[in-house]
Amino acid sequence: MYSHRGASGEEIEHTFSAYDLAILYGSKFIEQDLVTSKDGTLYISHDLSAKRITGVNKNFSDMTDSEINNLKTANGDRILKLQDVFNKYKDKVHYVIELKENDLQTSLFKKIIKDNNLENNIIVQASNVKALNNLEAVFPDMKKLLLVNTQDKLESGVKEKNVDIISAEKKLMTTDNVELVHKHNKEFNVWTLNTTKEIENAIKLRVDTYFTNYTAKAIALEKKFFYKLSI
């Protein structure tokens, strides 16, 4: 189970409050979406624009570090740099990091991972397989996750040699697709499962991992399921 933007069903996404709560619940994997400032610094935001989270209708790529550092979420938290997160949690957790932009962002990602010596604590994700292929030579042991939202992309993705995990939109979570991905010796991941029914179905289908906004619920349901198997 991956904590989607932290415990984002209970705290504002991609804040220390969300990450801390997910880790408190027992999560081993917290997610970060990357955006790049005008100054070339990696910040964390799902959206390319700051509007939804801060009310400021401007893209992060058009703002300097100083401008971004002055932004606040509804609860007064700031927009985090990726380095801020690494400084706090170091190698105590695993990070599921999404590359959302261009080759510059990939280059910055390579440097920050090397500088922090965290290759073994990272799962890198992207919807473009090119970004994952570009990382193979530098980080051959880093798990690489491909995001897919159609059946065609799933069937194409399982053939990619540098992809370790196929992460599918939940409408693609079927017995046949799980078997197809496993047949190609890859892990099957799903996004984003939040209801009890969805999570229980994923467990029954032998999905390897999934993203959820509700870390505590997911952990409780997994414990319940595996307890049933043990008696």
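Start by selecting N185: just after α8, this residue takes a positive phi of about 60°. Helices here are DSSP runs of H or I with at least four residues, strands are runs of E with at least two, and both are numbered from the N terminus. Before going on, know that this is a predicted model, where local features need pLDDT of at least 70, side-chain atom pairs count only at pLDDT 80 or more, and totals for chains, interfaces and linings use all residues. Residues are numbered from 1 along each chain as its sequence is written, and side-chain values use heavy atoms, leaving out hydrogens and water.

Now step back into the helix and select residues 175-183, which make up α8. Color N177, V178 and V181: these are buried (under 20% relative accessible area; exposed is over 50%, partly exposed in between, with a 1.4 Å probe and protein chains only). They sit on the same side of α8, because they cover an arc of only 100° around the axis, judged by the directions from the helix axis to the C-beta atoms. An α-helix has 3.6 residues a turn, so residues three or four places apart point the same way.

What covers that buried side?

Next stop: S27, in the loop between α1 (16-25) and β2 (29-36). Is S27 buried or exposed? It's buried, with a relative accessible area of 4%. Leaving aside residues up to four places away in sequence, S27 touches M1, S3, A22, T215 and I219. With S3 there's also a side-chain polar contact of 2.8 Å (a pair of N or O atoms within 3.5 Å; within protein, one must be able to donate a hydrogen and the other to accept it, and residues adjacent in sequence count only if both atoms are side-chain atoms).

The whole structure has 13. Select R52, partly exposed at 46% relative accessibility. Its side chain meets E13 at 2.8 Å, N to O, and E13 is buried at 13%. R52 also bridges to D47, with the closest N and O atoms 2.7 Å apart; D47 is buried too, at 17%.

Terms used: Contact = heavy atoms within 4.5 Å. Salt bridge = Lys/Arg side-chain N within 4 Å of Asp/Glu carboxyl O.
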